[in-house]
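Student: I'd like to learn how to read the features of a protein model. Could we go through one together?
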Amino acid sequence: MNICVVGVGYVGLVTAGCLAEAGSNVICVDNDSEKIAGLKDGVIPIHEPGLTEIVKHNEKLGRLHFTTDLKYGLDNSLIIFLAVGTPSALDGSADISAVLSVAGEIGENLNDYRIIATKSTVPIGTCTKVVNIIKSKTETRFDYVSNPEFLKEGAAVEDFMRPDRIIIGTTSPAVREKMAQLYSPFMRRSNRILFMDPISAEMTKYAANTMLATRISFMNEISALCEKVGADIEQVRQGIGSDSRIGRSFLFPGVGFGGGCFPKDIRALIHTGSEHGIEMTIAKSVQQVNINQQQRFAKRVTDFFAGRENKTTLAVWGLSFKARTDDVRESPALYCIRKFLDCRMKIRAYDPQAASAALAALNGKIETFQNGYDALDNADALVIFTDWQEFRNPDFEVIKTKLKKPVIFDGRNLYNPDAVKKAGIEYYSIGRK
């Protein structure tokens, strides 16, 4: 099948690569000429496990193409995926200007029947806006599909290849058949395609992300109470996760959630509710608890060094908002580091993938290293923000030797407190004594 994907960010490039891997001929379109030139030269602009291999393999086979020419993609494809960014606007709403701009350009260049499918996370009702814009610029027949993505950064390729479900929002039986054909390579085990109307598909995406974020914020709020009453959040997590009605996913306490999805989508859902006279009380609470958790963790560190902040150097492990990605958008690590910098603390940081992105986001105010142990030299404490695999079983003797004072602030509960204490290191984690 001939496919065009507009936008080659996290969602677009993964979608394009995986569809090409399944045999489709895919044209990737982006208005960033530098990014397109890089992709043609084999430079993958994001870190996502497995993606580099898929992109290079399918480009070599001639199934994956890169261009800045939308008309070329439109003329040579049946299904056009919109996968451009929808960042938060100042009022909390999702900025869909890029989606609407692409829709207008499609309308101006549409000469034959096409299926327009939106992958981008867009506010409820965007389907109507996109359809109206295209219709205002052409009389050529087309169909519209809301096809939201459910990809976890760090596991996006795996999620696309083995999806829990595929949501297809359309009222056309013919389009249902075409979309089912497109996704059939990923349905060999069982059919997990759910058909619904476009507005319900848009709502499903926001509801799913807010539900997942709710579980995280609930556990983080419970962790704060655990610290006050002397309970152990890890034991509590196991206790409630063993209930089949609850399950074990998204119950890990930590320093808070971040990234380009959860915070943005919660804000957009709250804004949509406000537009329709519905106060999204739970979503607002989830948002506030997440802010509180980051503030609480940062304050724990600054309080420990109260009165000597300007003489304190912190080693930081982890800068991305989660492991297996280089994404630092709304990362709790960066939020807390900014608090530390405001107190005139110095930061020596290490991250396997996100160091350069974090350095740019923090305007070069931190020092980064190629090795986690090197970041420890002459630091007064180690602060952990991200649960990278390589952080999970470190050499505590090396940590103790390199730090001026053997102290760890663990924002991901990576270690057994007794083991760290036995190593002679003072240890502070989330929701535990």
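Student: By class, which residues make up the lining of the second largest cavity: how many nonpolar, polar and charged?

Tutor: Before the tally, one caution: this is a predicted model. By class, that lining has 3 nonpolar, 4 polar and 2 charged residues. The lining residues are Thr 118, Ser 120, Thr 121, Val 122, Ser 146, Pro 148, Ala 201, Glu 202 and Lys 205. H9 provides the largest share, 3 residues, and the space inside comes to about 40 Å³.

Student: How many cavities of 30 Å³ or more does a search of the whole structure find?

Tutor: The search finds 2 of them. The largest cavity holds about 60 Å³ of space. Its lining consists of Ser 223, Ala 224, Glu 227, Gly 254, Gln 293, Arg 296, Phe 297, Arg 300 and Ile 430. By class, that lining splits into 3 nonpolar, 3 polar and 3 charged residues.

Student: Which element gives the most to the lining of the largest cavity?

Tutor: That's H12, with 4 residues. Both H9 and H12, the helix spanning 281–304, supply at least two residues each.

Student: And pockets? How much space lies in the second largest pocket?

Tutor: A pocket is open, whereas a probe inside a cavity cannot get out. In the second largest pocket there is about 270 Å³ of space. It is lined by 15 residues, and those closest to its centre are Pro 263, Arg 267, Asn 290, Gln 294 and Glu 330. Helix H11 (262–275), H12 and H13 each give two or more residues to this lining, with H12 giving the most, 4 residues. By class, you get 8 nonpolar, 4 polar and 3 charged.

Student: Let's turn to helices. Which residues of H10 are buried?

Tutor: For burial, look for a relative accessible area under 20%. In H10, which covers residues 233–241, the buried ones are Ile 233, Glu 234, Arg 237 and Gly 241. Looking down the axis of H10, these buried residues fall within an arc of 105 degrees, so they line one face of the helix. Helix H9 (198–229) is among what covers them.

Student: What caps the N-terminal end of H10?

Tutor: Asp 232 does: one of its side-chain oxygens lies 2.8 Å from the backbone nitrogen of Glu 234.

Student: Which residues of H13 are buried, and what covers them?

Tutor: The buried set is Pro 332, Ala 333, Leu 334, Cys 336, Ile 337, Phe 340 and Leu 341. Their cover includes H12, E9, strand E10 (346–350) and helix H14 (355–361).

Student: Now a loop. Is Ser 320 buried or exposed?

Tutor: Ser 320 has a relative accessible area of 1%, so it's buried. You'll find it in the loop between strand E9 (313–317) and helix H13 (332–342). Its side chain makes a polar contact of 3.5 Å with that of Trp 388. Leaving aside neighbours within four places in sequence, the contacts of Ser 320 include Thr 325, Asp 326, Asp 351 and Thr 386.

Student: What about Leu 319: buried or exposed?

Tutor: Leu 319 counts as buried, at 0% relative accessibility, and sits in the loop between E9 and H13. Not counting residues up to four places away in sequence, it touches, among others, Leu 334, Ile 337, Ala 358 and Ile 366.

Student: Where does Arg 324 lie?

Tutor: In the loop between E9 and H13. Arg 324 is partly exposed, with a relative accessible area of 44%.

Student: Which residue with a positive phi follows H13?

Tutor: That would be Arg 344, with a phi near 70 degrees. Asn 363 also goes on your list, with a positive phi of about 55 degrees although it is not a glycine. Asn 363 is in the loop between H14 and strand E11 (367–368), and at 62% relative accessibility it counts as exposed.

Methods:
Residues are numbered from 1 along each chain as its sequence is written. This is a predicted model: local features need pLDDT of at least 70, side-chain atom pairs count only at pLDDT 80 or more; totals for chains, interfaces and linings use all residues. Side-chain values use heavy atoms; hydrogens and water are left out. Buried means under 20% relative accessible area, exposed over 50%, partly exposed in between (1.4 Å probe, protein chains only). The arc is that of the directions from the helix axis to the C-beta atoms. Contact means heavy atoms within 4.5 Å. A polar contact is a pair of N or O atoms within 3.5 Å; within protein, one must be able to donate a hydrogen and the other to accept it, and residues adjacent in sequence count only if both atoms are side-chain atoms. On a 1 Å grid over the protein atoms alone, a cavity is a set of points where a 1.4 Å probe fits but cannot get out, and a pocket is an open set with protein on both sides within 12 Å along at least five of seven lines; lining residues have an atom within 4 Å of a point. Grid points are joined across faces, edges and corners, and a volume is the space filled by probe spheres set on the points. Ala, Val, Leu, Ile, Met, Phe, Trp, Tyr, Cys and Pro count as nonpolar, Asp, Glu, Lys and Arg as charged, and the others, Gly among them, as polar.
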